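Student: I would like to learn how to read a protein model feature by feature. Could we take it slowly, with the general idea before each case?

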Amino acid sequence: MPRKPYRRGPKSRPSSQEEKKKRGISKNQVSVMCATDRVGNVISELVCNGRMRYTDVERLFKDRIEDKSTM
């Protein structure tokens, strides 16, 4: 070809000294849950490190949301 090809994306560099980046939701990231009700009360708390599970969300809202309420 008469011209050099256009390379998309970041330039790759040797990562021998650098720490490899984790992709996706890792234990290095925190999960924060935020909610408001109709009155304007705000809940904002750290749920866990890494990926949220149903048990983590249930523990957060256990005493704050009444049974049989519509979300």
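Student: How many bridges join strand S1 to strand S2, and do the strands run parallel or antiparallel?

Tutor: Keep in mind that this is a predicted model. Strand S1, which covers residues 30–36, and strand S2, which covers residues 42–49, run antiparallel and are joined by seven bridges. Within this pairing, cysteine 34 of the chain stands opposite serine 44 in S2.

Student: What lies between the strands of this hairpin, and which residue there takes a positive phi?

Tutor: The general idea is that most residues other than glycine have a negative phi. In the hairpin of S1 and S2 there are five residues between the strands, and glycine 40 takes a positive phi near 115°.

Student: Where is lysine 68 found, and what is its phi?

Tutor: Lysine 68 is found in the segment after helix H1, the helix that spans 54–61. Its phi is near 60°, which is a positive value in a residue other than glycine. Lysine 68 counts as exposed because its relative accessibility is 87%, and the cut-off for that word is over 50%.

Student: How many salt bridges does the count come to?

Tutor: The general idea is that side chains of opposite charge can pair when their charged atoms come close. Here the count comes to two salt bridges. In one of them, the side chains of glutamate 45 and arginine 64 meet, with 2.7 Å from N to O. Because glutamate 45 lies in strand S2 and arginine 64 in the segment after H1, this pair ties together parts that are 19 residues apart in sequence. Glutamate 45 counts as partly exposed at 32% relative accessibility, and arginine 64 is also partly exposed, with a relative accessible area of 44%.

Student: Where do arginine 59 and aspartate 56 lie, and how far apart are their closest N and O atoms?

Tutor: Both residues lie in helix H1, three residues apart, which is about one turn of the helix. Arginine 59 forms a salt bridge with aspartate 56, and the closest N and O atoms are 3.8 Å apart. Arginine 59 counts as exposed at 52% relative accessibility, whereas aspartate 56, at 14%, counts as buried.

Student: How many disulfides does the structure hold, and are cysteine 34 and cysteine 48 buried or exposed?

Tutor: A disulfide would need a pair of cysteine sulfur atoms within 2.5 Å, and the structure holds zero disulfides. Cysteine 34 is exposed, with a relative accessible area of 52%, while cysteine 48 counts as buried at 14% relative accessibility.

Conventions:
Residues are numbered from 1 along each chain as its sequence is written. This is a predicted model: local features need pLDDT of at least 70, side-chain atom pairs count only at pLDDT 80 or more; totals for chains, interfaces and linings use all residues. Side-chain values use heavy atoms; hydrogens and water are left out. Helices (H or I, at least four residues) and strands (E, at least two) are DSSP runs, numbered from the N terminus. Buried means under 20% relative accessible area, exposed over 50%, partly exposed in between (1.4 Å probe, protein chains only). Two strands pair if DSSP finds at least two bridges between them. A salt bridge is a side-chain nitrogen of Lys or Arg within 4 Å of a carboxyl oxygen of Asp or Glu.
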